[in-house]
Amino acid sequence: GSGTTTPAEFFLDVFDPEEEEDELSNERMLEHIMSETLDQEVNDVVWRCLGYAQDASGEWNNDAVFPKWRDKYPSPPDLIGVQRNYTYSIDRPVQKANQALVASIPMAHKQGVKIQLRPLGFTGFMMDGLTPNKTRRAQCVNWLIFYRDALRGKTLEQLKAEQEALRSAETAPPVVGPDSQQTSGDKTTMIQQDDWKYPNKPVL
């Protein structure tokens, strides 16, 4: 930046392309999906985008977290399953947190992975090659693309105003099944979504 102060600098997470590489670039998103990053790296970037901030001692502060998400998760939840232990009692909280993240993505942004990453060569995973880890990475990336394209750099007040405007303008969309728009070819899926729920639960 040039040193001038603009109101935008007071918003959450304003990206200045001249000063830093965008951690939410499509190229970076593809690395997360293709398991070229650590599980905890994926957690960390989602946590930061949700508003959690790490202090010098390594503790996570939730003052800036989206209010409804903070009510549910005062501390940042594991969204990937970093232990890769799929015993029900250990894995169920991870699964539920990931599903809560997915449920906060509006219908208009559900296909972020397909739209944004297909030009980079991502064509989805074969169904028989899917693992919980791959699925959750893809879900997190879909949320990050939604965050980047719709939420980043805006105040809560702006986002709530947009939400209200959308509500008053939209008619109820048809209820569709989980795979209706997320399949590619006959045996691949961009994102597998277990326990599909409608309607969405915004994070605000």
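Helix α1 passes helix α6 in a right-handed crossing; a crossing is called right-handed if the near helix is turned clockwise from the far one by less than a right angle, and left-handed if anticlockwise. Helices here are DSSP runs of H or I with at least four residues, strands are runs of E with at least two, and both are numbered from the N terminus. This is a predicted model, in which local features need pLDDT of at least 70 and side-chain atom pairs count only at pLDDT 80 or more, while totals for chains, interfaces and linings use all residues. Residues are numbered from 1 along each chain as its sequence is written, and side-chain values use heavy atoms, with hydrogens and water left out.

Helix α1 covers residues 26-33, and its axis lies 9 Å from that of α6 at an angle of about 165 degrees. Such axes are lines fitted to C-alpha atoms, for helices over the stretch in contact, and the angles run from 0 to 180 degrees between N-to-C directions. The two helices are therefore roughly antiparallel, given that angles over 145 degrees count as roughly antiparallel, under 35 as roughly parallel, 65 to 115 as roughly perpendicular and the rest as oblique. On the α1 side, Asn26, Met29, His32 and Ile33 meet Arg137, Ala138, Val141, Leu144, Ile145 and Arg148 of α6, where contact means heavy atoms within 4.5 Å. Sorted by class, this contact of α1 with α6 has 6 nonpolar, 2 polar and 2 charged residues. In this sorting, Ala, Val, Leu, Ile, Met, Phe, Trp, Tyr, Cys and Pro count as nonpolar, Asp, Glu, Lys and Arg as charged, and the others, Gly among them, as polar.

Helix α2, residues 39-50, also packs against α6, at an angle of about 30 degrees and with the axes 11 Å apart. That angle makes α2 roughly parallel to α6, and the crossing of α2 with α6 is left-handed. Asp39, Val42, Val45, Val46, Cys49 and Leu50 of α2 meet Asn133, Arg137, Cys140, Trp143, Leu144 and Tyr147 of α6. The contact of α2 with α6 has 9 nonpolar, 1 polar and 2 charged residues.

A further partner of α6 is helix α4. The axes of α4 and α6 come within 9 Å and cross at roughly 30 degrees, which makes α4 roughly parallel to α6. The crossing of α4 and α6 is left-handed. Here Asp91, Val94, Gln95, Asn98, Leu101 and Val102 in α4 meet Arg136, Gln139, Cys140 and Trp143 in α6. By class, the contact of α4 with α6 has 5 nonpolar, 3 polar and 2 charged residues.

Attention now turns to aromatic rings. A pair of aromatic rings is described by the distance of the centres and the angle of the planes. The structure holds 4 aromatic pairs; rings of Phe, Tyr and Trp (its six-membered ring) pair if their centres lie within 6.5 Å, and planes under 30 degrees apart count as stacked, over 60 as edge-to-face and the rest as tilted. One of them joins Trp143 and Tyr147, whose ring centres are 5.5 Å apart and whose planes stand at 20 degrees, so the pair is stacked. Trp143 and Tyr147 are 4 residues apart in helix α6 (residues 132-151) and are thus separated by about one helical turn. Trp143 is buried, with a relative accessible area of 0%, and Tyr147 counts as buried at 3%; buried means under 20% relative accessible area, exposed over 50%, and partly exposed in between (1.4 Å probe, protein chains only).

Asp78 lies in the loop between α3 (67-72) and α4 (88-103) and is partly exposed at 21% relative accessibility. Asp78 and Val94 are 16 residues apart in sequence, with their C-alpha atoms 5.6 Å apart in space. In the loop between α3 and α4 lies also Arg84, which has a positive phi of about 50 degrees although it is not a glycine. Ser35, in the loop between α1 and α2, has a positive phi of about 60 degrees and is likewise not a glycine. Most residues other than glycine have a negative phi.

Finally, the whole protein may be considered. Its secondary structure comes to 7 helices and 5 strands. Of its 204 residues, 38% count as buried.
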